[in-house]
Each structure stands twice: as C-alpha cells, then as structure tokens.
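Here is a short briefing to read alongside the model. Have the sequence and the 3D view open as you go.

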Amino acid sequence: ALFTDRLYSRIAANAVRLARKLREGLEAQGYEAVVSSPTNQQFVVFDASTLKRIQGKVAYTEWERLRGGSKVVRLVTSWATREEDVNALLELVSFS
C-alpha cells in the first residue's frame with residue numbers, strides 16, 4: 001500500500017528535505033559527509049569534541065570509528081522531524 005500512488009514518496013518528502021538541509025548545513029560548517037545520501041539518512045564525520053557536545057542531546061548511531069577519536073555517525077530524519085529540530089542540531093554543533 002505504501003508504494004501505491006507515490007504514497008511513500010509523499011510521506012517521506014519532508015524527512016528527505018530536512019535531511020538534505022542537515023547535510024548541507026553540516027558541510028557548510030566544515031563537517032564531512034561520507035556519502036551524498038539522497039535519503040533521510042545522513043552519514044557524517046564528527047570529531048570527539050562534537051560527539052561530547054551532542055551526547056545525550058541528539059539521537060544518532062555510531063557507524064564507524066576513525067583514528068583520533070572521530071566517528072562516522074548516522075543521523076536520521078523522520079516524518080516527525082521539524083525544521084527547528086534541524087536548526088537546533090546545526091546550532092549545537094556550530095564552532096562559533
């Protein structure tokens with residue numbers, strides 16, 4: 001049923017849009033996206049200090065450990081993600 005009449009695409013459109021905004025915002029701040037994912041899942045490299053800042057405040061999955069304490073993390077948006085949620089995360093990881 002989800003793939004009938006593009007229902008899945010319509011339901012997921014906002015999550016994908018916000019995931020793209022998140023990736024672009026992180027890249028603009030100097031964070032590296034491991035892949036340019038067209039989905040609601042984004043894979044980004046965070047250093048140890050960024051991970052410490054977001055710990056307990058942001059739900060993410062550690063995807064891969066890198067040298068020097070950095071990690072590739074998976075960030076996922078959903079139908080319930082709001083623009084202000086993305087903005088808050090971008091502010092939280094900001095270097096300024």
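The notes below cover the sheet, the aromatic pairs and one loop serine.

This is a predicted model, in which local features need pLDDT of at least 70 and side-chain atom pairs count only at pLDDT 80 or more, while totals for chains, interfaces and linings use all residues. Residues are numbered from 1 along each chain as its sequence is written, and side-chain values use heavy atoms, with hydrogens and water left out.

**The sheet**

- Helices (H or I, at least four residues) and strands (E, at least two) are DSSP runs, numbered from the N terminus.
- An open sheet is built from 4 strands in the order S1-S2-S4-S3, with antiparallel pairing; two strands pair if DSSP finds at least two bridges between them.
- S1 and S3 are at the edges and have a single partner strand each, so one side of each lacks a neighbour in the sheet.
- S1 and S2 are joined in the antiparallel sense by 2 bridges, and Ala33 has Val44 in S2 as its bridge partner.
- S3 and strand S4 (residues 71-76) are also antiparallel, over 4 bridges, and Thr61 has Arg74 in S4 as its bridge partner.
- The hairpin of S3 and S4 has 5 residues between the strands, and Gly68 in the turn shows a positive phi of about 80°.

**Aromatic pairs**

- Rings of Phe, Tyr and Trp (its six-membered ring) pair if their centres lie within 6.5 Å; planes under 30 degrees apart count as stacked, over 60 as edge-to-face and the rest as tilted.
- This rule gives 2 aromatic pairs.
- For Tyr31 and Phe46, the ring centres are 5.1 Å apart and the planes are at 75°, so this pair is edge-to-face.
- Tyr31 sits in the loop between helix H1 (7-28) and strand S1 (32-33) and Phe46 in strand S2 (residues 41-46), so the pair ties together parts 15 residues apart in sequence.
- Both Tyr31 and Phe46 are buried (under 20% relative accessible area; exposed is over 50%, partly exposed in between, with a 1.4 Å probe and protein chains only).
- For Phe43 and Trp63, the ring centres are 5.1 Å apart with planes at 65°, so this pair is edge-to-face.
- Phe43 in strand S2 and Trp63 in strand S3 (residues 61-65) are 20 residues apart, so their pair links distant parts of the chain.
- Phe43 is buried, at a relative accessible area of 16%.

**Ser37**

- Ser37 belongs to the loop between S1 and S2 and is buried, with a relative accessible area of 11%.
- Leaving out residues up to four places away in sequence, Ser37 touches Arg23 and Gln42 (contact means heavy atoms within 4.5 Å).
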